[in-house]
Amino acid sequence: MANLRVLVVGCGNMGASHAEAYHRMEGVDICGLVARGHSKDALNEHLGGEYATFDNYEQALKATQPDAVCLTTYPDTHEAYALLALKAGCHVFIEKPLATTVEGAKRVIAAAKQAHRQVVVGYILRHHPSWQQFIHLAHELGKPLVMRMNLNQQSHGQMWNVHRNLMQSLSPIVDCGVHYLDVMCQMTQAQPVSVSAIGARLTDELPDNMYNYGQLQVRFDDGSVGWYEAGWGPMISETAYFIKDVIGPRGAVSIMARHGEGNSDNVDGHTRTDSLRIHYAELDKNNAFKHPDRWVDCQDEPDHLALCLSEQRYFIQAITEQFSLEQHLQDALNSLRIVLAADEAVRTQRTVILGSES
């Protein structure tokens, strides 16, 4: 069986990680690296200088005729680039979010179905064993759940350039929020019913209609509630920038990322867990806790590259074994629907009621 030929489009942080994963994998050949700037050349040099490079995506698609395309470009290109790849008969791995609108995401899903091609969305936390355990432990806490999560980054230098570019089309609570709303949906296994949100524009370096700090609050039909907070920029505080916990009637589970303390700009630190702290709520007759908190050591967890390798192995396996990805894509659409409703709530200053999604 011939190796699967993959065209990598976008050679920044995530593109470089996914390209390195392909570079190391058996049964996969990179047929080209695509980026408008010099990132493709730096990445190619890092990988040994053996790959063709392209400035233009459509030209690369025609020249290389890949079996699959890995899209890690800015979110406002996701829908159009995915549709071009599917039209060319390619399978698609696409970094989150699937699109910048619900309607756009639906168009990509419909095109994949029509083309009989696989589309996998880059939900990296779904491949992280400690986050999988975090979700599993949440299921043991009873209902309703209270979920508290944030991802604040005191970004500067090149990372501030990346964030400013991202905010040309999406706010922080949309771009990163899809990860954590996906986690909340997995924890509750319930339907979201309403979203409220607030936002603030803390810099003049953004478009007039964009904000770089936001917080959303979501309600589920089982009574569970969750909040998510995200802020990007040189003014963001290093205090309490990493909160990932869930509370239920039987206790609480918290991710404790001691390695990330004091360095919110470290992207790796936002997926590291280090340890899980499990708190038991049961009291004795004197209202003292019957059980001490339990700590689960996660020091041997995979690093960022290992997680990208896991994502790409799943993508290749989905292609070769013809997985049904219907639920995967519905989940991606659902989390996107929630964060886009939050964005609407910020802009309208009103709670958004979520209807059923077929």
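Which elements are included in what covers the buried residues of α1? In this predicted model, where local features need pLDDT of at least 70, side-chain atom pairs count only at pLDDT 80 or more, while totals for chains, interfaces and linings use all residues. Residues are numbered from 1 along each chain as its sequence is written, and side-chain values use heavy atoms, with hydrogens and water left out. The cover of the buried residues of α1 includes β1 (4-9), β2 (28-34), α2 (39-46), β4 (68-71), β5 (91-95) and α10 (304-320). Helices (H or I, at least four residues) and strands (E, at least two) are DSSP runs, numbered from the N terminus.

- Helix α1 (residues 13-24) has 12 residues and reaches 17 Å from its first C-alpha to its last, close to the 16 Å expected at 1.5 Å a residue, where the expected span is 1.5 Å times one less than the number of residues.
- The buried residues of α1 are G15, S17, H18, A19, E20, A21 and Y22; buried means under 20% relative accessible area, exposed over 50%, and partly exposed in between, with a 1.4 Å probe and protein chains only.
- Helices α1 and α10 pack at an angle of about 65 degrees, with their axes 9 Å apart; axes are lines fitted to C-alpha atoms, for helices over the stretch in contact, and angles run from 0 to 180 degrees between N-to-C directions.
- That angle makes α1 roughly perpendicular to α10, on a scale where under 35 degrees counts as roughly parallel, over 145 as roughly antiparallel, 65 to 115 as roughly perpendicular and the rest as oblique.
- The crossing of α1 and α10 is right-handed, a label given if the near helix is turned clockwise from the far one by less than a right angle, with left-handed used if the turn is anticlockwise.
- On the α1 side M14, S17, H18, E20, A21, Y22 and R24 meet H304, L305, C308, L309, E311, Q312 and F315 of α10, contact being heavy atoms within 4.5 Å.
- The contact of α1 with α10 divides by class into 7 nonpolar, 4 polar and 3 charged residues; Ala, Val, Leu, Ile, Met, Phe, Trp, Tyr, Cys and Pro count as nonpolar, Asp, Glu, Lys and Arg as charged, and the others, Gly among them, as polar.

**Other helix pairs**

- Helix α6 (residues 129-138) packs with helix α9 (residues 177-188) at an angle of about 40 degrees, their axes being 9 Å apart, and the two are therefore oblique to each other.
- In a right-handed crossing, α6 passes α9, and the contact is made by W131, F134, I135 and A138 of α6 with Y180, V183, Q186 and M187 of α9.
- The residues of this contact of α6 with α9 comprise 7 nonpolar, 1 polar and no charged.
- Helix α4 (residues 78-87) and helix α5 (residues 102-115) pack at an angle of about 10 degrees with their axes 10 Å apart, and are therefore roughly parallel to each other.
- From α4, E79, A82, L83 and L86 meet G104, R107, V108, A111, A112 and A115 of α5, a contact with 7 nonpolar, 1 polar and 2 charged residues.

**Helix α11 and backbone geometry**

- The 23 residues of helix α11 (residues 326-348) should span 33 Å at 1.5 Å a residue, which agrees with the 32 Å between its end C-alpha atoms.
- Most residues other than glycine have a negative phi, and most peptide bonds are trans.
- Just after α11, Q349 takes a positive phi of about 55 degrees; Q349 lies in the loop between α11 and β15 and counts as exposed at 73% relative accessibility.
- Q65, although not a glycine, has a positive phi of about 45 degrees, and this residue of the loop between α3 (57-64) and β4 is exposed, with a relative accessible area of 62%.
- K96 and P97 are joined by a cis peptide bond with omega of about -10 degrees, P97 being in the loop between β5 and α5.
- K143 and P144 are also joined by a cis peptide bond, with omega of about 0 degrees, and P144 is in the loop between α6 and β7 (146-153).

**Two individual residues**

- C11, in the loop between β1 and α1, counts as buried at 6% relative accessibility.
- Not counting residues up to four places away in sequence, C11 touches A16, L33, V34, A35, S39, K40, L43 and T72.
- I353, found in strand β15 (residues 352-353), counts as exposed at 64% relative accessibility and, with residues up to four places away in sequence not counted, touches V193 and S194.
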